[in-house]
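Please follow this explanation with the sequence and the structure side by side.

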Amino acid sequence: MKGKIVIGKVVAPHGVRGDIRIMPLTEKPERFLDLRELLLEDGRTLTVINMRFHKRMLLAATKEITSMNQAELLRGKEILINAEDLPKLEEGSYYVGDLIGLPVFDDTGKELGTFKDAISTGSNDVYVISVPNAKDILIPALKIYIKEIDTAGGKIVVKLPEWTDDK
């Protein structure tokens, strides 16, 4: 994975001292508590003084933002992380960003389309395969259907579920 990854968004100021309310956009928002800096989409870096959870949001106090007016100017800004700073995954696990754009083939070798996204359903993810001039194909991210993910070779091989009409 290259570049920067969005992990949160500033939604509002909190209080009059410049704290900012952040909506986490990551599966593990507790990782925010380890951040020493917040990298903003405009290239600025804010030094974290304190970070804590408040309801389902994070509240951050930073060295550079000291008033509600300054915090208000950050509303809507995305918070990023460098891709190389992402934690290493277990064998067989992948970041969605590493899969987007990979060609997807069925188990007979026929190209179906390209990996578009993954939807988190709670029990298992569902992979969205973009098919040119047709509806997207949804495939549960289970070993029975996902036969091979080869990021180095640049392909994904799947067994289409029996309910798909693209067999």
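Beyond its neighbours within four places in sequence, Leu 99 is in contact (heavy atoms within 4.5 Å) with Tyr 94, Phe 115, Tyr 127, Ile 149, Thr 151 and Ile 156. The model is predicted, so local features need pLDDT of at least 70 and side-chain atom pairs count only at pLDDT 80 or more, while totals for chains, interfaces and linings use all residues. Residues are numbered from 1 along each chain as its sequence is written, and side-chain values use heavy atoms, with hydrogens and water left out.

Leu 99 belongs to helix H2, residues 96-99 (helices are DSSP runs of H or I with at least four residues, strands are runs of E with at least two, and both are numbered from the N terminus). With a relative accessible area of 2%, Leu 99 is buried (buried means under 20%, exposed over 50%, partly exposed in between, using a 1.4 Å probe and protein chains only).

Because Phe 115 lies in strand S8 (residues 111-120) and Tyr 127 in strand S9 (residues 125-130), the pair ties together parts 12 residues apart in sequence. Phe 115 is buried at 2% relative accessibility, and Tyr 127 is buried at 12%.

Elsewhere, Met 23 lies in strand S2, residues 19-24. Met 23 is partly exposed, with a relative accessible area of 31%.
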